[in-house]
Amino acid sequence: ISPAPFYKRMNIIKFTVTWCSPCYSMDLVIHSSLNTHPDRIEYISPHGDLRDDMAVVPDCQELEIAFDVPGYPTCLFDLADKASGGVSVTKINQAMTESMARGAASGIKASSTLSGRTATVNIDFMSSIDSDYNLVVMFMVDDVPGTQNGYEGTDTYYHHAVLRNIITPGVRGDFFEGVVAGQENSAEYTY
């Protein structure tokens with residue numbers, strides 16, 4: 001990891017369920033923004049309905065409580081801004097501008113290996129400021145076939161960036177106290 005300035009990406013977490021028509025509309029807006037800002041947005045999509053066996057995440061309800069999710073769909077931008085019920089390209093662009101202005105306080109490098117059915121994830125991270133940090137490592141899957149209310153295509157609908165599991169302990173992850181600026185830190189997780 002090179003010292004700061006770090007490459008900034010905005011994080012979008014979209015809480016969704018398959019029976020929610022506005023969730024599909026929000027997907028279209030988010031994917032438009034992904035195309036407009038390639039390699040600048042990290043997108044995670046936890047599915048929160050226990051009736052939704054396609055993509056339910058054991059920790060999703062705890063995530064919803066931790067981030068005070070009022071309903072579906074709800075988007076969090078860099079964990080700093082929240083939008084519920086619908087989002088426009090203008091809103092995402094505004095969040096992107098604000099996110100880029102804040103810059104990145106840390107740099108993260110991840111690598112993984114797979115041995116049989118066991119994945120090992122190695123994380124190296126560095127901060128540009130002395131502070132405490134939480135590190136959350138998530139397992140996501142793209143192109144998960146399933147239903148989606150609001151989708152009127154004749155083909156199967158494919159869900160993107162579906163959160164499958166949180167690998168670190170708890171939804172807030174591992175706590176790293178007293179991280180020193182410019183010092184490389186490491187963690188390893190097995191899943």
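Predicted model: local features only at pLDDT ≥ 70, side-chain atom pairs only at ≥ 80, totals over all residues.

**Sheet and cavity**

Gly107 has Met126 in S6 as its bridge partner. Strand S6 covers residues 118-127 and runs antiparallel to S5, with 10 bridges joining the two.

S5 and S6 belong to an open sheet of 3 strands, in the order S5-S6-S13, with antiparallel pairing. Strand S5 (106-115) and strand S13 (185-190) are at the edges; each has a single partner strand, so one side of each has no neighbour in the sheet. From one strand to the next, the twist averages 15°.

With a cut-off of 30 Å³ or more, the count is 1 cavity. The largest cavity holds about 50 Å³ of space.

Which residues line the largest cavity? The lining consists of Lys14, Thr16, Asp27, His31, Tyr43, Ser45, His47, Gln148, Tyr157, His159 and His160. Helix H1 (21-36) and strand S10 (157-159) are the elements that give two or more residues to this lining.

How many of the lining residues are nonpolar, polar and charged? By class, the lining of the largest cavity has 7 polar residues, along with 2 nonpolar and 2 charged ones.

Definitions and conventions: Residues numbered from 1 in each chain as written. Heavy atoms only, no water. 1 Å grid on protein atoms, 1.4 Å probe; cavity = no way out; pocket = protein on both sides within 12 Å on 5 of 7 lines; lining within 4 Å. Points joined across faces, edges and corners; volume = space filled by probe spheres on them. Helix = DSSP H or I, 4+ residues; strand = E, 2+ residues; numbered from the N terminus. Nonpolar A, V, L, I, M, F, W, Y, C, P; charged D, E, K, R; others polar. Pairing = 2+ DSSP bridges. Axes fitted to C-alpha atoms, helices over the stretch in contact; angles between N-to-C directions.
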